[in-house]
Amino acid sequence: MDNYFFGWYFKCQTETQTLSVIPAVHRSGGKRSCSIQIITENQAWNFNYQAEDFHRIGEKICIGNNQFGERGILLDIHTPEVRIRGKLKFGKLCPLKYDIMGPFSILPLLECRHTVYSMRHSVWGKINVNGCMYSFRKSFGYWEGDRGYSFPKEYIWTQCSFPGGSLMLSVAEAPISGFRIRGIIGVVLWKGKEYRLATYLGAKALQVRNGKILITQGNMELEARLLEEVRNPLKAPDHGNMTRTIRENAACRAFYRFRKGESIYFSFKTDRASFEYEMGV
């Protein structure tokens, strides 16, 4: 593949603080580079690195002095404007039962493939961001990744950890064999049990409009509603080049409801939701 990207998304969350970190490696026009993006409740930064700054030691991802993997994160970033330093340790990861892409994982030439490494794990440690201390103790983390050459032109993604569980949901317009389809992948982890909603399992989007997403599959129904404007600009891949600007809230107000049959498993508002909303309507 001439143009490509690999990105990993780590989110760490307390009741009052959220820190997301996105290390990535990308190639466009024969030129390879890497980057780290840092997202907090109110700000986002992008740090560019040379190709030789990226390497892997086993499953550990390294960019410069920064390290990322199943055991945790080490950040050591210094620029004239930003200083970020600290270490976080992860507890036991909670992977999915099988690939979130299901049978779509074997389709060739997809522009983007998604992976969920852990729906929920414990986080300990501290990260200093320009003098603001992000302190995690018995906190929760989430870890996913993307690879391919471009993000979908239009998509919605949301993730939230909450007492008793965690969820992620993505709805994207994806080109497959000359056609564009609306693909759905989502997982609800509730009280230790995994509930999956996906196009390949019969999931349908009854509503994707004005920040509201309503997904049904059999007797399950998942609703996600964005309750504020998406603010922080992030870099995203376009044919391997990190030139596209998207917007994400690492921690914002949202509403979630999950029903199975006649039972509503949860229904709540939160200010800890993560949302990317890149839809034309």
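**Close-up views of a predicted model**

**View 1. His239, a partly exposed residue in a loop.** His239 has a relative accessible area of 44%, so it counts as partly exposed, falling between the 20% and 50% cut-offs. This is a predicted model, by the way. Where does His239 lie? Look in the loop between β19 (232–238) and β20 (241–260). The backbone here is worth a glance too: His239 has a positive phi of about 55°, although it is not a glycine. For background, most residues other than glycine have a negative phi.

**View 2. Lys138, an exposed residue in a strand.** Lys138 sits in strand β11, which covers residues 132–148. Is Lys138 buried or exposed? With a relative accessible area of 60%, Lys138 is exposed, because that value is over the 50% cut-off. Lys138 isn't a glycine, yet its phi is positive, at about 55°.

View 3. Now for a look inside: the count comes to one cavity of 30 Å³ or more. What volume does the largest cavity have? It comes to about 620 Å³. Lying nearest the centre of this cavity are Cys112, His114, Asp146, Pro152 and Ser170, which belong to a lining of 35 residues.

Definitions and conventions: Residues are numbered from 1 along each chain as its sequence is written. This is a predicted model: local features need pLDDT of at least 70, side-chain atom pairs count only at pLDDT 80 or more; totals for chains, interfaces and linings use all residues. Side-chain values use heavy atoms; hydrogens and water are left out. On a 1 Å grid over the protein atoms alone, a cavity is a set of points where a 1.4 Å probe fits but cannot get out, and a pocket is an open set with protein on both sides within 12 Å along at least five of seven lines; lining residues have an atom within 4 Å of a point. Grid points are joined across faces, edges and corners, and a volume is the space filled by probe spheres set on the points. Helices (H or I, at least four residues) and strands (E, at least two) are DSSP runs, numbered from the N terminus. Buried means under 20% relative accessible area, exposed over 50%, partly exposed in between (1.4 Å probe, protein chains only).
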